[in-house]
Amino acid sequence: MAAAKNGGDQRAGLLYGIGAYGMWGLVPLFWPLLKPAGAVEILAHRMVWSLAVVGIALLALRRWGWIRELLRQPRKLGLIAVAAAVITVNWGLYIWSVNTGHVVESSLGYFINPLVTIALGVLLLKERLRPAQWAAVGTGFVAVVVLTLGYGRPPWISLTLACSFAVYGLVKKKVNLGGLESLAAETAIQFLPALGYLLWLGSQGSATFGTQGPGHAALLAATGVVTATPLVCFGAAAIRVPLSTLGLLQYLAPMFQFGLGILYFHEAMPPERWAGFSLVWLALSVLTWDALRTSRRTRAEAARLAAAARASRPARPADAGSPGSGDSPATASEPAAPVVPATAAPTAPATAAPAVADPSGQAPRR
């Protein structure tokens, strides 16, 4: 029965994960619906309404205790402010790029994000890479060079999205808050500047909220739901499926975005761009293969240690401790050999990057 329950949880987790990354992948269809609002106005509404939606969710779940603890930690508050600033850049640029016909280039940003995250780990955290990871990062660098030649300029939208989200992930790793809690804290910091901008926009007669009809106003308000819903699904997936599975699922979002850019928005893809994207996909394939291989080795080593621990246990006589027995029973204070269960082995995410697809709620937010 336990096995069946575990299987059901994993299936549900897989569906939640596909739902989360699917929604992030299809979100380019939503932002153009908000025109004629500009990218900054949409961004401000997203901040304001996200806080409202997350606040209602926290109120329903009665999860408020973390706020008092957070307010007593100035360093953590500072990190959350940094995370809020970085994700503001990420959100704003993504909305602008989609609404100005750069869906394909924005999808590239989330394809190369794992490579940028690994590079940050080497530069800032002094992490040591395996040869396959070096090969993947090198291939990704060549891809950027090829795309620079193809675009006639560096793919700055992709690089900014990838770098901003990689830095965001690094900061979130240090903050270590749950998905709803971290979104609430970040949008609470964003709320006053966003609300102030919207009020100023209204005073100038430039706001579209309330001037383009109730349907447009409802769509702007829905930005909070669009932000929070996939995050909730991601959180449900993170507690049910292995981290390596989430690492693989994360590629669904940029794949959907890339497909929409080509098939729905009809963006141009000359041969040199295909070459650059192909190199990026090759790098991600190497990265995924290396991560899965390392994960299997880790589980095999854990299973070997568990077997060795069981074999090292002294055999106890069947009548040990029975009345009248001549053998001295094993006492409760006798130390037992530690057992490392195979299922407890940590699995590396498919990106092999410490700040990607973290179960604490760090999910890409498009």
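1. Arg153 and Glu105 pair through their side chains in a salt bridge, N to O 2.9 Å (a Lys or Arg side-chain nitrogen within 4 Å of a carboxyl oxygen of Asp or Glu). Arg153 sits in the loop between α6 and α7 and Glu105 in helix α5, so the pair ties together parts 48 residues apart in sequence. Helices are DSSP runs (H or I, at least four residues), numbered from the N terminus.

2. This is a predicted model: local features need pLDDT of at least 70, side-chain atom pairs pLDDT 80 or more, while totals for chains, interfaces and linings use all residues. Numbering runs from 1 along each chain as its sequence is written, and side-chain values use heavy atoms, without hydrogens and water.

3. Glu105 is buried at 1% relative accessibility; Arg153 is partly exposed at 27%. The cut-offs are under 20% relative accessible area for buried, over 50% for exposed and in between for partly exposed (1.4 Å probe, protein chains only).

4. A second salt bridge joins Asp290 and Arg130 (2.7 Å, N to O). Asp290 is in helix α13 and Arg130 in the loop between α5 and α6, 160 residues apart. Arg130, Asp290 and Arg293 form a salt-bridge network.

5. In α5, 18 of the 23 residues are buried, so the helix is largely enclosed by the rest of the structure. Just after α5, Lys126 has a positive phi of about 55°.

6. Which residues lie nearest the centre of the largest pocket? They are Leu115, Val116, Ala119, Phe141 and Val144, among 13 lining residues. A pocket is an open set of points on a 1 Å grid over the protein atoms alone, where a 1.4 Å probe fits, with protein on both sides within 12 Å along at least five of seven lines; lining residues have an atom within 4 Å of a point. α5 gives the largest share of the lining, 6 residues.

Definitions and conventions:
Helix = DSSP H or I, 4+ residues; strand = E, 2+ residues; numbered from the N terminus.
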